[in-house]
Amino acid sequence: MACPAAVPSRSSPAMARYDFASDNVAGAMPEVMEAIVAANAGTASGYGTDHVSKAAADRIRNLLDADAEVRFTASGTAANAFALTLLAQPHEAVLAHEHAHICTDETGAPGFFGQGVGLIGLPGASGKIELAALEAALARPEVSYNQPANALSLTTATEYGTVYSEAELRALIAPVKAKGYGVHLDGARLANAVAAGFDLKSVAKMGVDILVMGGTKAGSTPTEALVFLNPAHARRLDARLKHAGQLVSKGRFLAAPWLGLLGEDGGTGPWAARAAHANAMAQKLAALMPFEIKHPVEANGVFVEMDEPTLERLRGEGWFVYRFLDGTVRFMCSWATTPEMVEDLGAALARVL
């Protein structure tokens, strides 16, 4: 006989809610699931040569207004790490913000994929690289016992929910390209940056060599689009992906979500429209926040000053959120965040204050 399900008592701890722990805790948006179901019909060739992958790549090229090679991976870590192998040799390094995802959250994957590629962390407020720090790093003399820089990795929206302007990105990219180095743009939350006003068509024009367009955190199943804007990287690209374990046999299932994300009209579709909703929910949460907000709320994250006892009281109410790299407490909104969820959290925050 089956055991009856346990019913928590009123005195038991609240069941953990992960609504604001990250934007990757939400499920996939309906447009994505419909696209996957449609792609499941019939047979298709493998390893990214299928009709679905070609259609998704065409939409991305049209969106960027760029003639680029496009491939798909199931992991942002793999996408970033693989990209950097094309921009830096094992004896070289990549410049990035000291709190960039590649520096703090990818367990050495760039070095693993790149057989020793190093990372050089640079400072800057709210996740944006400080231009003076970048220029100082580029001016350092090369010596045989240090890995010299050969690439720059940028992130927008940043790890702190801020969005680079086109002028800011161009200012950082110009001295790097003047040295003949490569540029990688980590766009795990690029949809949120676009929803905040960033122009996608500027990416190819400002000198980015490899762009990662994030799907997972934007409301997809796991999928990231790797966009190779430098024709030099097209040579033996699929062989390199296969060597890295990133050329998936049933590639249509990584590509299909992008047909749902981007729609058919040549625009940014639900990918950016639902990111705009996530951004709006972050603004709503910021307006209700009784704690000091430490970084500008420009995308879908809110970062606040909160002591540990207060954070534990909030978790005791059932809300799980992370303490972030700079000591702030992070609240992330997603495409699926509702006004009611924000209001529930706002009430809980008022109670634990």
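1. Tyr18, Phe320 and Tyr322 form one aromatic cluster. Rings of Phe, Tyr and Trp (its six-membered ring) pair if their centres lie within 6.5 Å; planes under 30 degrees apart are stacked, over 60 edge-to-face, the rest tilted. The model is predicted: local features need pLDDT of at least 70, side-chain atom pairs count only at pLDDT 80 or more, and totals for chains, interfaces and linings use all residues. Residues are numbered from 1 along each chain as its sequence is written, and side-chain values use heavy atoms, leaving out hydrogens and water.

2. Nine aromatic pairs turn up in a search of the whole structure. Phenylalanine 20 and tryptophan 319 make a tilted one, at 5.9 Å centre to centre and 45° between the planes. This pair links distant parts of the chain, 299 residues apart. Phenylalanine 20 sits in the segment before helix H1 (30–39). Tryptophan 319 lies in the loop between helix H13 (308–316) and strand S9 (322–323). Helices (H or I, at least four residues) and strands (E, at least two) are DSSP runs, numbered from the N terminus.

3. Both phenylalanine 20 and tryptophan 319 are buried. Buried means under 20% relative accessible area, exposed over 50%, partly exposed in between (1.4 Å probe, protein chains only).

4. Phenylalanine 112 and phenylalanine 113 pair edge-to-face, with 5.9 Å centre to centre and 75° between the planes. Phenylalanine 112 counts as exposed because its relative accessibility is 68%. Phenylalanine 113 has 23%, so it is partly exposed.
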